[in-house]
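The sequence and structure come before the notes.

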Amino acid sequence: MSSYKDYKEKALQNPDVKSEYDALQPEYDIIQAMINARVDQNITQKELSARTGITQADISRIENGTRNPSLSMVKKLARGLGMQLKLEFVKAPSKR
């Protein structure tokens with residue numbers, strides 16, 4: 001049986017799949033950074049909700065990728081985690 005890593009590697013060889021995957025990367029980066037910060041601080045979604053005023057259900061939806069938070073909401077989450085939000089633009093790799 002093939003592993004997910006093998007499947008992903010094979011799927012990303014398809015240019016259309018790779019393009020869609022790359023387009024979603026910023027969202028996944030934000031989600032993962034938020035989850036990592038919350039877990040590193042050993043706080044629950046409920047505790048983060050109390051700190052931010054964002055419902056626990058919305059935090060759960062953000063973390064599982066079914067809710068796309070506004071910049072204002074991401075800033076609120078960063079403050080609730082005792083962190084500063086840093087947004088940067090980096091040069092995209094050239095397409096050949």
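Helices (H or I, at least four residues) and strands (E, at least two) are DSSP runs, numbered from the N terminus. Just after H4, Gly65 has a positive phi of about 85°. The model is predicted: local features need pLDDT of at least 70, side-chain atom pairs count only at pLDDT 80 or more, and totals for chains, interfaces and linings use all residues. Residues are numbered from 1 along each chain as its sequence is written, and side-chain values use heavy atoms, with hydrogens and water left out.

**Helix H4**

- The buried residues of H4 are Asp58, Ile59, Ile62 and Glu63, where buried means under 20% relative accessible area, exposed over 50% and partly exposed in between (1.4 Å probe, protein chains only).
- These residues lie on the same side of H4 because they cover an arc of only 135° around the axis; the arc is that of the directions from the helix axis to the C-beta atoms.
- An α-helix has 3.6 residues a turn, so residues three or four places apart point the same way.
- The cover over the buried residues of H4 includes H2, H3 and H5, with contact meaning heavy atoms within 4.5 Å.

**Helix H5**

- In helix H5 (residues 71-80), the buried residues are Met73, Val74, Leu77, Ala78 and Gly80.
- They cover an arc of only 160° around the axis, which puts them on the same side of H5.
- Leu71 and Arg79 are exposed on the other side of H5.
- Helix H2 (15-40), helix H3 (45-52) and helix H4 (56-63) are among the elements that cover the buried residues of H5.

**After H5: Gly82**

- Gly82 follows H5 and has a positive phi, near 70°.
- Gly82 counts as exposed because its relative accessibility is 69%.
- Gly82 and Asp16 are 66 residues apart in sequence, and their C-alpha atoms are 39 Å apart in space.

**Arg38 in H2**

- Arg38 is found in helix H2.
- Arg38 is buried because its relative accessible area is 11%.
- A polar atom of the Arg38 side chain lies 2.9 Å from the backbone oxygen of Ile43.
- A polar contact is a pair of N or O atoms within 3.5 Å; within protein, one must be able to donate a hydrogen and the other to accept it, and residues adjacent in sequence count only if both atoms are side-chain atoms.
- Leaving out residues up to four places away in sequence, Arg38 touches Ile43, Thr44, Gln45, Leu48, Glu63 and Leu81.
- One of these contacts of Arg38, Glu63, is also one of the buried residues of H4.

**The loop between H2 and H3**

- Gln41 is in the loop between H2 and H3, and Asn42 lies in the loop between H2 and H3 as well.
- Gln41 is partly exposed, with a relative accessible area of 31%.
- The side chain of Gln41 reaches the backbone oxygen of Leu81 at 2.7 Å.
- Gln41 touches Arg51, Leu81 and Met83, not counting residues up to four places away in sequence.
- Gln41 and Gly82 are 41 residues apart along the chain, and their C-alpha atoms are separated by 9.7 Å.
- Asn42 is not a glycine, yet its phi is positive, about 55°.
- Asn42 counts as exposed because its relative accessibility is 69%.

**The largest pocket**

- The largest pocket has a volume of about 1,300 Å³.
- Of the 39 residues that line the largest pocket, Gln25, Pro26, Glu27, Asp29 and Ile30 are the closest to its centre.
- On a 1 Å grid over the protein atoms alone, a pocket is an open set of points where a 1.4 Å probe fits, with protein on both sides within 12 Å along at least five of seven lines; lining residues have an atom within 4 Å of a point.
- Grid points are joined across faces, edges and corners, and a volume is the space filled by probe spheres set on the points.
- H2 gives the largest share of the lining of the largest pocket, 15 residues.
- H2 and H5 each supply at least two residues of the lining.
- The lining divides into 23 nonpolar, seven polar and nine charged residues; Ala, Val, Leu, Ile, Met, Phe, Trp, Tyr, Cys and Pro count as nonpolar, Asp, Glu, Lys and Arg as charged, and the others, Gly among them, as polar.
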